[in-house]
Amino acid sequence: MRLKDKVAIITGGAGGIGLAAVQKFVEEGAYVVIADYNKTAGIQVQERFVGEERPVLFIQTDTGERTSVESLVNKTIEKYGRIDILVNNAGTTKDAMLVKMTEQQFDDVININLKGVFNCTQCVIPYMITQGSGKIINTSSVSGVYGNVGQTNYAASKAALIGMTKTWAKEFGRKGIHVNAVAPGFTLTPMVQKMPEEVLGKMEAAVSLRRLGKPEDIANAYLFLASSESDYITGHVLHVDGGIVM
Ligand code: CAA
Ligand code: NAI
């Protein structure tokens, strides 16, 4: 019970890595709020937890829309009165070579992956400051650390999250708020399943541990950074990538 009675918002919690984190956080005793724009998937996950000691609450949210995030935070506070953990996990891809990338593809990815994290953190942080505690986890990527062919927009957004993570760690450390990032490698979720098979094969072959990540591998890192086991860690980027690049 490493998160006993903690209130956690997990964005993008209706699928992929976020869903694995929802399951793990509930097992560890947290009250989880799923903020996802996929209503069908979100409701299905919420129904799965009906009758549990700590049911999850799904709030349909588009993290790229400020008013939607404000409503998420207001509803969470109304229900639980506090927010202990924010996992900024929601993200998206619109891959294209730079020469073919449209302005719309660039803007869409920046709006969700970068502005969305700004929106969620800026709306949650006043509550954490009042509480004098909080754990914020931002999901970066191996693409943000090392770059990736076809991902100008995505790599830029994920690299920017590292800058924001370190800035917020410096701004809020004295308020008792920890801010860290996880940089996952290629992990088997719907996001990766959209990749051309031969590109994914090459990526897998480059992984030192010779396998793609499982959503649980990343959720374990979220759990560590959300728990008191990481109480002397802030501003850190935890690479969970099987050793793809070192
Ligand atoms: N490394 C080196 N060269 C590459 C490459 C790579 N990873 N990917 C493509 N190329 C090369 C191709 O071999 C090709 O070379 P030639 O012109 O010599 O034939 C050239 O680049 C153009 O490639 P395509 O023919 O595939 O071009 P396209 O315009 O049809 O598609 C693309 C481009 C959309 C980027 C497509 O290649 C693609 O989807 N690639 C995968 C991108 C990727 O890795 N996305 C990760 C998604 S998962 C994720 O984002 C999670 C995370 O955080 C890691
Ligand atoms: P996914 O595409 O499988 O799931 C993403 C979830 O986020 C979905 O449920 C989707 O509905 C939700 N979502 C997307 N945009 C949203 C928005 N604006 N508002 C609310 N919800 C939104 O993706 P996956 O693989 O689970 O990725 C989770 C995070 O991990 C993302 O930030 C991604 O960029 C990052 N990541 C993923 C890697 C991978 O290989 N799968 C590698 C490195 C980072």
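**View 1. The packing of helix H1 (16-27) against helix H9 (residues 215-226) in a predicted model.** The two helices, H1 and H9, pack at an angle of about 55°, with their axes 8 Å apart; axes are lines fitted to C-alpha atoms, for helices over the stretch in contact, and angles run from 0 to 180 degrees between N-to-C directions. That angle makes H1 oblique to H9, a word for angles that are not under 35 degrees (roughly parallel), over 145 (roughly antiparallel) or 65 to 115 (roughly perpendicular). Helices are DSSP runs of H or I with at least four residues, strands are runs of E with at least two, and both are numbered from the N terminus.

**View 2. The surroundings of ligand 2.** Around ligand 2 there are 31 residues, of which the closest are Gly12, Gly15, Gly16, Gly91 and Thr189; a residue is near a molecule if its C-beta atom, placed from the backbone, lies within 6 Å of it. Two or more residues of this shell come from each of helix H1 (16-27), strand S2 (31-36), helix H4 (103-131) and helix H7 (190-193).

**View 3. The surroundings of ligand 1.** Ligand 1 is surrounded by 19 residues, with Asp95, Ser141, Val149, Gly150 and Val199 the closest, and helix H5 (142-146) and H7 each supply at least two residues of the shell.

**Notes on all views.** Residues are numbered from 1 along each chain as its sequence is written, while chains are lettered from A and ligands numbered from 1 in the order in which they are written. In this predicted model, local features need pLDDT of at least 70 and side-chain atom pairs count only at pLDDT 80 or more, whereas totals for chains, interfaces and linings use all residues.
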